[in-house]
Amino acid sequence: MKNISLAIASLVLLLAHTTWAQNKRVPASLGRAEYIEVEENVKLHVTDIGEGRPIVLIHGWPLSDAMYEYQYQHLGRKGFRVIGITLRGFGKSDKPYGRYDFDVFSDDIKAVLEKLEIEDAVLGGFSMGGAVVIHYVTKYNSAHISKLALFGAAAPSWVQRDGFPHGVPLADAEGLIQSIKTNRPDVIESFGAGFPAKEGNISNNMIKWLEDINLEASPYAITESITALRDLDLRPELSKITVPVAIFHGIYDKNCSFALAEELHKGIKDSYIIRFEKSGHTLFIEEMEKFNTELEKFASK
């Protein structure tokens, strides 16, 4: 009888162990963090997709890393690790009260790249993000990166200055900043409507999608950061860039004129321009296939 009881107990334990083993969850995640702390109580949202050489993407104003949805879809399946960083104050990142300038943004990018142990990356930035990545490269001597890509960059100066007739008139920049303080939704709607080269180049749903991303940003953060952009003059910094640079720019860009791309090319020794003949500011949507293919080619060289 004792032997029978022991046999039954052993069978029960065996069945329990087998059931536990069958039900044990195998993690589906690769363990990559979606939020990375860059300073105490400040975490940035990060999209981290794919395997291979890293391509790090910085969004424009007032977007978030979500704008690169169709670059993640393409490049993440082409042998690259694609990392989109949302700057503080934007999208799903934390929105603390404090400074929102290009030193802060550059420091945050460096903190993310260090924590992810990223090296030999291609760093890309769109619009205001183009100014951010130029500042990062010159401030940190291209730490963690080996190539730079600029997409419709609001650089070397977003506004017109003495000896620099390109960019938007200072009065227009001031008007935009004031409008953000009093009627942000209308500003974002009109700003988004002016993105494509012409009406119909991108669908109404795409325009609405971009507007929804824009509206996620902190009103305080977008006011402070666009003010910092107004005051930023990167012309003296261009000669310090020593990594290869690809300049993507739509020839019908109404937000950052094509003349800015030409000025960047003049000032950056190892650079070339890729003209987007059918695009305005949303070249990453208007000529999506060309954008993705050219970025893939640049990253593969």
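The structure is a predicted model, in which local features require pLDDT of at least 70 and side-chain atom pairs count only at pLDDT 80 or more, whereas totals for chains, interfaces and linings use all residues. Residues are numbered from 1 along each chain as its sequence is written, and side-chain values use heavy atoms, with hydrogens and water left out.

The C-alpha trace spans about 100 × 45 × 40 Å along its principal axes. Of the 301 residues in the protein, 53% are buried, where buried denotes under 20% relative accessible area, exposed over 50%, and partly exposed in between (1.4 Å probe, protein chains only). Contact is defined as heavy atoms within 4.5 Å. Among contacts between residues at least 6 apart in sequence, 77% join residues at least 24 apart.

Helix H8 covers residues 219-230. Its end C-alpha atoms are 17 Å apart, in agreement with the 16 Å that its twelve residues should span at 1.5 Å a residue; the expected span is 1.5 Å times one less than the number of residues. Nine of the twelve residues of H8 are buried, so the helix is largely enclosed by the rest of the structure. The buried positions are Ala221, Ile222, Thr223, Ser225, Ile226, Thr227, Ala228, Leu229 and Arg230. Their cover includes helix H3 (102-115), H4, helix H5 (170-182) and helix H6 (184-193). At the start of H8, a side-chain oxygen of serine 218 comes within 3.2 Å of the backbone nitrogen of tyrosine 220.

The largest pocket has a volume of about 250 Å³. On a 1 Å grid over the protein atoms alone, a pocket is an open set of points where a 1.4 Å probe fits, with protein on both sides within 12 Å along at least five of seven lines, and lining residues have an atom within 4 Å of a point. Of its 18 lining residues, Trp158, Val168, Leu176, Phe191 and Asn255 are the closest to the centre. H5, H6 and H8 are the elements that give two or more residues to this lining, and H5 gives the most, with three.

Histidine 144 is placed in the loop between helix H4 (128-139) and strand E6 (145-151). With a relative accessibility of 14%, histidine 144 counts as buried. Its side chain reaches the backbone oxygen of isoleucine 118 at 3.0 Å. Beyond its neighbours within four places in sequence, histidine 144 is in contact with Lys110, Leu113, Glu114, Ile118, Glu119, Asp120, Ala121 and Tyr136.

Asparagine 141 is likewise placed in the loop between H4 and E6, but this residue is exposed, with a relative accessible area of 62%. Asparagine 141 and valine 243, 102 residues apart in sequence, are separated by 9.5 Å in space, C-alpha to C-alpha.

Serine 64 lies in the loop between strand E3 (53-58) and helix H2 (69-75). A relative accessible area of 4% makes serine 64 buried. Not counting residues up to four places away in sequence, serine 64 touches His59, Thr86, Gly91, Ile213 and Glu216.

Note on methods: Helix = DSSP H or I, 4+ residues; strand = E, 2+ residues; numbered from the N terminus. Polar contact = N/O pair within 3.5 Å; in protein donor to acceptor, adjacent residues only side chain to side chain. Points joined across faces, edges and corners; volume = space filled by probe spheres on them.
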